[in-house]
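Me: I have a structure to go through and some questions about how its parts are built. Please take them one at a time.

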Amino acid sequence: MGRRIVITGLGVVSPNGVGVPEFLHSIQHGVSGIRFMPQYEALNFNCQVAGMPYFEWDTLKNYVSEITFHGLKGKAIGYGIKAALDAWTDAGNLIGNDQTLWETGCVFGSSVADVEVVKNVITRVDSGEAKKLGSRVVEQLMNSSVAAYISGRLGFGNKIVANSAACATGTQAILMGYEYIKHGLARRMLVGSCEHVDPYIFGAFDSMRILSRKFNQSPEKASRPMSQSACGFVPGSGAGALILEDLEFALERKATIYAEIAGGANNSGGQRRGGSMTAPGSPGIIRCITDALADSGIGAESIDLISGHLTATAADKMEIQNWGLALGRNGRNFPAINSLKSMIGHCLSAAGSIEAIAVVLQIWHQFVHPNINLEDPNPEILETINMECLPTTMIKKEINTVAKANFGFGDVNTCLIFSKYNNG
Amino acid sequence: MDRQAILNELKIVLEPYTEDKEMLREINDGTDLVKDLKINSANLVDIIIDAEAKYNVEIDMDSAEKMTTVGSCIDVIMTKMAK
């Protein structure tokens, strides 16, 4: 059956928890990371809440050299470095070796370069002070910035790639790492993604009128996937990173194995038949899910849990119908389904990696995290699936196989199939 | 500001760019920024930008190219401050 790819390390910077232990506690207990943003009120945004991690910038002094830290400005870069290096040490590795690790690579994605960094460049250049920018700006403007910082810190010598596929970036990064190892091109890949939604990116989304605007006074209620009162998504920031390894490589070094990636698929609906720049089309979604299942060799009936994209827009209903069609399951026979976005909002390119970490934790600790803010499930969703499929408190149950999908602007889809590691 | 005062201030400017704090404490006119303090040559432009702010001077590119040792840094800064 070819190479098996396993997950041996996790690192996360999430609005509801920085570091895996705090994040695990939060997702088990339905802790929201959405908060009121006074600055967004001052900027006249419709949506004035966001998923923002409590990130102590000075923590990075423990992760990069003093010289690198001095002049480091990009928030998303900071999140990415912390998540990645935490995943690396969680997998039992040391930081600071002087070797080039030819067998290890990195796919780390983001959706936009840090706009705060860009703003500094624009301000300086427009005032005739380009020469004051210094040597550290270009490296933080690069789309490959985070991948470059991580790989340099850890000495990776295999493929170093920054991917970008809007809200499918995180799951796509994981899939790309999985494929490199599967094809024998690398033995280990650090994969993940990061996002910092600064006021400029936030404002651009706000103007599209697709953000949650009715819960500014009760931030933790603002992200309401699958509910009747859902009125748009809440942007979130953060990063997630995972260490993927060829099973043999992981066994050789006696690594702890959290879960296995059984398969995956990445496609586009071509912006046809319902798909567009901003909306995924059903044929693409269904094909992506069935392709992922085919790649994994696992039958649709074996899926115990779906970690949905489910952003809290009108698309939630269509997503659930598409899952039902792709899996051939509905009503009471539909798997449990949850949306981490109910707690942390939509972390855009970081969504896939943070949500994948939640999936791995649910497999490793055998539970289903709650959907919060689902007091009023959308009746149209309940026409497709049974309420029992929508846990609103944590459920302890056997979780062997989980399907995780994300859909991004540009009509790009990614679906991953995770399974409990079975050493048989 | 005399050479010693400039040198003391220069230690503060160079601090974030070198990991060798012991060498930094001992710097003198002959100390080479790249060879002795192991400063990444890409960071020399940052040191010049920081020095411009610290001493309130403008350092043109031709002068900046001369700033490879502590002594030459002090020479350039003194010349610019005198203007």
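Me: What should the twelve residues of helix α5 (residues 115-126) of chain A span, and how far apart are its end C-alpha atoms?
Reply: This is a predicted model, and its values are computed from it. The expected span is 1.5 Å times one less than the number of residues. For the twelve residues of α5 in chain A that rule gives 16 Å. The end C-alpha atoms of this helix agree with the rule, being apart by 16 Å.

Me: Which residue just after α5(A) takes a positive phi?
Reply: Helix α5 of chain A covers residues 115-126. Just after this helix a residue has a phi of about 75°, and that residue is G128(A).

Me: How many helices and strands are there in chain A, and how compact is the chain?
Reply: Chain A has 15 helices and 15 strands. For 424 residues the globule rule gives 22 Å, and the radius of gyration of chain A is close to that, so the chain is as compact as a globular protein of that length. The radius of gyration itself is 20 Å.

Me: What share of the contacts in chain A with a separation of 6 or more comes from residues 24 or more positions apart?
Reply: Two residues are in contact if their C-beta atoms lie within 7 Å. Among contacts in chain A with a separation of 6 or more, residues 24 or more positions apart account for 79%.

Me: Into which domains is chain A divided, and how far apart are their centres?
Reply: The assignment divides chain A into domain 1 (5-259) and domain 2 (264-419). Taken over C-alpha atoms, the centres of domain 1 and domain 2 of chain A are separated by 21 Å.

Me: Which element gives the largest share of the side of domain 1 of chain A that touches domain 2 of chain A?
Reply: In chain A, 61 residues of domain 1 are in contact with 56 residues of domain 2. Elements that give two or more residues to the domain 1 side include β1 (5-14), α1 (20-29) and β8 (238-246) of chain A. The largest share is eight residues, and it comes from α8(A).

Me: Where does the largest nonpolar core lie, and which residues have the most contacts inside it?
Reply: This core has 126 residues. Domain 1 and domain 2 of chain A both give residues to the core, so it lies between them. The residues with the most contacts inside it are L242(A) and V360(A).

Me: Which residues does V360(A) touch, not counting residues up to four places away in sequence?
Reply: V360(A) is one of the residues with the most contacts inside the largest core. Leaving out residues up to four places away in sequence, V360(A) touches I7(A), L10(A), Y258(A), A259(A) and F418(A).

Me: How many helices and strands are there in chain B, and what is its radius of gyration?
Reply: Chain B has five helices and zero strands. The globule rule gives 12 Å for 83 residues; the chain is close to this, so it is as compact as a globular protein of that length. Its radius of gyration is 11 Å.

Me: How many residues of chain A are in contact with chain B, and of which classes are they?
Reply: Nine residues of chain A are in contact with eight residues of chain B. By class, the chain A side has one nonpolar, five polar and three charged residues.

Methods. Residues are numbered from 1 along each chain as its sequence is written. Chains are lettered from A and ligands numbered from 1 in the order in which they are written. This is a predicted model: local features need pLDDT of at least 70, side-chain atom pairs count only at pLDDT 80 or more; totals for chains, interfaces and linings use all residues. Helices (H or I, at least four residues) and strands (E, at least two) are DSSP runs, numbered from the N terminus. The radius of gyration is taken over C-alpha atoms; the globule rule is 2.2 Å times the number of residues to the power 0.38. A nonpolar core is a set of buried Ala, Val, Leu, Ile, Met, Phe, Trp, Tyr and Cys residues joined through C-beta atoms within 7 Å. A residue is buried if 20 or more other C-beta atoms lie within 10 Å of its own, exposed if 12 or fewer, and partly exposed in between; C-beta atoms are placed from the backbone. Domain bounds come from an automatic or database domain assignment. Ala, Val, Leu, Ile, Met, Phe, Trp, Tyr, Cys and Pro count as nonpolar, Asp, Glu, Lys and Arg as charged, and the others, Gly among them, as polar.
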